[in-house]
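This report describes a two-chain complex for a reader with the coordinates at hand.

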Amino acid sequence: MTGGWKMRLALTLAGWTIALAMFSPILWMFLTSFKTEIAAVRTPPAIFFRPTLENYAAVLQRADYVQFALNSVAVSLGSTLLAMALAIPAAYSMAFFPTRHTRDILLWMLSTKMLPAVGVLVPIYLLWRDFGLLDTRLGLILIDSLGVLPIVVWMLFSFFREVPPEILEASRMDGATQTDELIHILLPLSMPGIAATALLAIILCWNEAFWSLNLTTVNAATLTAFTASFASPEGLFWAKLSAASTLATVPILIFGWISQRQLVRGLSFGAVK
Amino acid sequence: MATVELKGVRKRFGAHEIIHGVDLRINDHEFVAFVGPSGSGKSTLLRMIAGLEEISEGEILIDGVAAQGVPPARRGLAMVFQSYALYPHMTVDENMSFSLRMAGVAKEERDRKVRAVARILEMEALLDRKPRELSGGQLQRVAIGRAMVRQPKAFLLDEPLSNLDAALQAQMRLELVRLHREVNTTMIYVTHDQVEAMTMADRIVVLNNGRVEQVGSPLELYQHPASLFVAGFIGAPKMSFLDVAVSSTAAGWVTLALANGVSVSLPAPAEEVKAGTRLKLGIRPEHVEMDGNGELQAEIDAVEHLGPRAYLHTRLSDGSRMVAQVSGDITLREGDRTALHIRADAGHLFDESGKALERRAPARPHQAV
């Protein structure tokens with residue numbers, strides 16, 4: 001099978017090329033964060049340099065990293081929990097009790113993602129202001145969970161659809177109430193899918209910047225706002241910006257690394273057999 | 001222990017009616033089979049009894065009590081699904097005890113009941129396994145066991161054997177009959193396979209297009225099909241049908257002209273037909289013989305050897321098809337010609353609407369008419 005190994009080699013090379021291409025901006029950011037500001041703007045960029053921690057010191061000195069990080073954790077976890085709590089019953093009902101309009105509702109939900117967020121900035125801002133939600137974690141949790149809700153519902157809907165309805169009917173014959181059905185049958189059966197959905201939601205909320213920048217100032221600002229605060233109009237401090245970005249990215253990168261097995265398993269989760 | 005009664009039951013999906021008024025009474029301890037082709041409504045009917053499907057009109061009484069609005073679990077019925085529908089994430093033990101757990105039965109009691117059922121079904125060794133570690137036959141047993149643990153008033157079985165191979169099907173048929181004898185509980189069994197219905201059921205309900213065609217014991221259906229549909233559905237290979245015309249009638253007898261001009265006579269309610277009436281004559285394979293002097297010339301399309309007997313699938317001179325059951329040592333082959341003799345007095349007559357004329361002659365040896 002000479003063709004076999006050539007194909008495998010080609011695929012391996014292609015895979016590595018794409019992965020490296022996608023990883024290169026992160027690598028560049030990571031390296032830049034250890035350069036001096038002068039070294040950071042040099043073209044071509046220096047591959048070998050004497051690393052310095054001065055950017056990290058400056059960044060940490062200027063802002064309370066821990067508070068931003070805690071906000072990010074609270075907001076991404078909170079939004080994900082809220083979105084899941086709303087989406088699980090919604091997806092359950094759409095997957096197992098579809099009506100003529102189920103498809104339309106799903107498409108409509110997805111279509112809200114095509115609306116640029118800035119289009120609703122003013123009404124949202126005013127609402128949040130009147131409800132006292134500006135610059136609060138709760139306010140950000142609410143808007144972020146609404147933001148990921150369509151995707152979460154869609155994903156859960158397709159995972160639930162993989163569960164044969166007969167299994168749920170069997171549990172109904174066995175005396176399970178709808179809550180029992182959800183807790184004892186549906187959730188355990190679609191756990192890989194639910195986990196993948198939650199992980200993705202956490203990552204999306206972690207990276208969410210628009211609302212964080214517009215609805216928070218100090219108290220509830222997340223790491224995306226922290227990062228953005230280093231992109232100053234007076235001039236580019238690429239090394240410091242890189243250090244801030246690295247600090248903002250590393251937690252979610254580690255999180256993704258740990259959970260990637262679960263994520264892949266969930267996203268490729270097939271029929272329950 | 002339950003009677004199940006259906007009164008004018010209808011089912012509509014939107015404007016589309018798929019069950020057109022079914023009246024039926026299923027007695028306590030009875031093994032009843034719903035049989036019909038796919039789309040006949042048999043599964044829907046079962047699911048309405050189970051409570052998994054709403055009734056659009058009419059009512060279902062379980063032990064005399066209207067089931068409308070009673071959730072599936074509280075109807076006291078247990079269902080075995082075609083796909084088994086076991087809970088994949090639970091062990092056999094957990095699968096079987098799930099209903100008891102939902103009912104709040106204590107752990108010791110649950111274990112005792114599950115073990116008792118596992119003993120009957122000879123699957124005590126499987127209790128700690130997950131469904132994915134079981135073979136098709138074992139899955140089937142677990143599904144039945146899960147239904148038994150609840151000690152239901154009646155078992156509802158939806159094509160439970162259709163995923164098994166033929167040998168296992170034959171074995172499970174016998175086991176189900178034995179099981180029915182042992183637990184002596186009402187069983188309603190849905191199948192598209194008339195062999196399953198014939199071999200297991202006390203009574204068979206033949207459904208076609210959302211209507212009951214006929215209800216009766218297996219032999220009643222076989223010997224006295226009420227319609228062309230039942231005649232064609234029950235029995236394998238199928239009954240053969242010939243277009244005939246009544247040439248004359250006498251007291252209790254009609255004489256028919258076959259397509260090739262040959263006349264045959266058989267006992268039938270002569271007062272219901274008159275000369276010239278077009279009818280269909282149905283003949284089962286066992287009532288067709290190979291006979292050098294036979295009245296029908298046939299060309300053999302296929303020979304189905306089953307060992308002790310064989311079936312000749314033939315085409316007659318007018319193009320109609322006829323199946324003959326012959327001795328297994330036959331040496332005829334596809335393409336050969338032969339003459340067939342039909343024992344017309346064992347035949348079935350159907351009018352143009354497909355309704356059977358009363359069959360007066362039980363199967364008996366052929367006599368020259």
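How many residues of chain B are in contact with residues of chain A? The contact involves 17 residues of chain B and 16 residues of chain A, two residues being in contact if their C-beta atoms, placed from the backbone, lie within 7 Å. On the side of chain B that touches chain A, strand S6 (77–80) and helix H2 (92–102) each supply at least two residues. The largest share, three residues, comes from H2(B). By class, this side of chain B has 13 nonpolar, three polar and one charged residues. Here Ala, Val, Leu, Ile, Met, Phe, Trp, Tyr, Cys and Pro count as nonpolar, Asp, Glu, Lys and Arg as charged, and the others, Gly among them, as polar.

The model is predicted: local features need pLDDT of at least 70, side-chain atom pairs count only at pLDDT 80 or more, and totals for chains, interfaces and linings use all residues. Residues are numbered from 1 along each chain as its sequence is written, while chains are lettered from A and ligands numbered from 1 in the order in which they are written. For the complex, the predictor gives an ipTM of 0.82 and a pTM of 0.80.

Chain B averages a pLDDT (the predictor's confidence in each residue, from 0 to 100) of 91, and 97% of its residues score at least 70. Over residues 365–369 of chain B the pLDDT is below 50, and this stretch has two contacts in the model beyond near neighbours in sequence. Chain B has eight helices and 20 strands; helices (H or I, at least four residues) and strands (E, at least two) are DSSP runs, numbered from the N terminus. Its C-alpha atoms fill a box of roughly 75 × 45 × 35 Å along the principal axes. Of the 369 residues in chain B, 39% are buried. A residue is buried if 20 or more other C-beta atoms lie within 10 Å of its own, exposed if 12 or fewer, and partly exposed in between, with C-beta atoms placed from the backbone.

In chain A, helix H4 (residues 65–96) and helix H10 (residues 191–207) pack at an angle of about 135°, with their axes 8 Å apart. Axes are lines fitted to C-alpha atoms, for helices over the stretch in contact, and angles run from 0 to 180 degrees between N-to-C directions. That angle makes H4(A) oblique to H10(A). Residues meeting in this contact include A:Ser72 and A:Val75 in H4(A) and A:Ala198 and A:Trp206 in H10(A). The residues of the contact divide into nine nonpolar, four polar and no charged.

A:Trp211 lies in helix H11 (residues 210–215) of chain A. A:Trp211 is buried, because 25 other C-beta atoms lie within 10 Å.

Most residues other than glycine have a negative phi, and most peptide bonds are trans. The following departures occur in the model.

| Feature | Angle |
|---|---|
| A:Thr43 to A:Pro44, cis | omega near -10° |
| B:Ala236 to B:Pro237, cis | omega about -10° |
| B:His29, positive phi | phi near 70° |
| B:Asn209, positive phi | phi about 50° |

B:His29 lies in the loop between strand S2 (16–26) and strand S3 (31–35) of chain B.

Key. Parallel < 35°, antiparallel > 145°, perpendicular 65-115°, else oblique.
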